[in-house]
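Please look over the sequence and the structure below before reading on.

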Amino acid sequence: MALVLDGNNLLTSGLLNSIYTPTSSGTSALVTGIPVGVKRVTIALNAVSMNSPGWVGIQLGAGSLQSSGYTSYTSCLYSSTGVSSYAGPSSSIYIANPSGTSSHQGIVTLINAGSYTWILSASISTPGATRTNTTAGQVTLSGNLDRFQIYDPYSGVAFLSGSITTLYE
């Protein structure tokens, strides 16, 4: 398949498409419309902050968001106290731990491992809280991935600023 670039060397057709989602309000950022046949989804968090301490989690869905069947583990490297590790809940995958209103940035990668099983790898930095989170997880959906949401899985903390850019191929 040939790739087509515009005058700014931005991809206009071929393997990748993208979705931009602001995270300046609300308690979740829902991205829908991921087409059938996607094998990889890359999610970029850009200065995503919340109005009080809260976990940042992700749920995937096929027709609707799935709220069970997730397995994951997150390690958080703190600049002053070392490493803490957390097993994620079965209802979502943690990608960053509470940090007050500090912003998060980083990459979440989802890979289709076949049979509707998605493998997640994430590296999220929170410079204001001087920490980095590394997460690995998986979930098997009931059908083709067509949506995901970024949210606080516990307390419904609202977003203050930032954006999410989603690339899929």
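Rings of Phe, Tyr and Trp, the last taken by its six-membered ring, form a pair if their centres lie within 6.5 Å; a pair is called stacked when the planes are under 30 degrees apart, edge-to-face when they are over 60 degrees apart, and tilted otherwise. In this model, which is predicted, the rule gives a count of three aromatic pairs.

One of these pairs is formed by Trp55 and Tyr94, whose ring centres are 4.1 Å apart and whose planes meet at 15 degrees, so the pair is stacked. Its two members come from distant parts of the chain, since Trp55 sits in the loop between β5 (40–50) and β6 (56–61) while Tyr94 belongs to strand β9 (residues 93–96), and 39 residues separate them. Are these two residues buried or exposed? Because buried means under 20% relative accessible area, Trp55 counts as buried at 15% relative accessibility, and Tyr94 counts as buried at 5%.

Tyr94 also pairs with Tyr154, and here the ring centres are 6.0 Å apart with the planes at 50 degrees, so this pair is tilted. Tyr154 lies in the loop between β13 (147–151) and β14 (159–168), whereas Tyr94 is in strand β9, so the pair ties together parts of the chain that are 60 residues apart in sequence. Tyr154 itself is exposed, with a relative accessible area of 53%. Taken together, ring pairs link Trp55, Tyr86, Tyr94 and Tyr154 into a cluster.

The loop between β5 and β6 also holds Gly54, which counts as buried at 6% relative accessibility. The C-alpha atom of Gly54 is 7.2 Å from that of Gly100, although the two residues are 46 residues apart along the chain.

When residues up to four places away in sequence are not counted, Leu60 touches Leu65, Gln66, Tyr70, Leu110, Trp118, Val139, Leu141, Leu145, Arg147 and Phe148.

Definitions and conventions:
Residues numbered from 1 in each chain as written. Predicted model: local features only at pLDDT ≥ 70, side-chain atom pairs only at ≥ 80, totals over all residues. Heavy atoms only, no water. Helix = DSSP H or I, 4+ residues; strand = E, 2+ residues; numbered from the N terminus. Buried < 20%, exposed > 50% of the residue type's maximum accessible area, 1.4 Å probe, protein only. Contact = heavy atoms within 4.5 Å.
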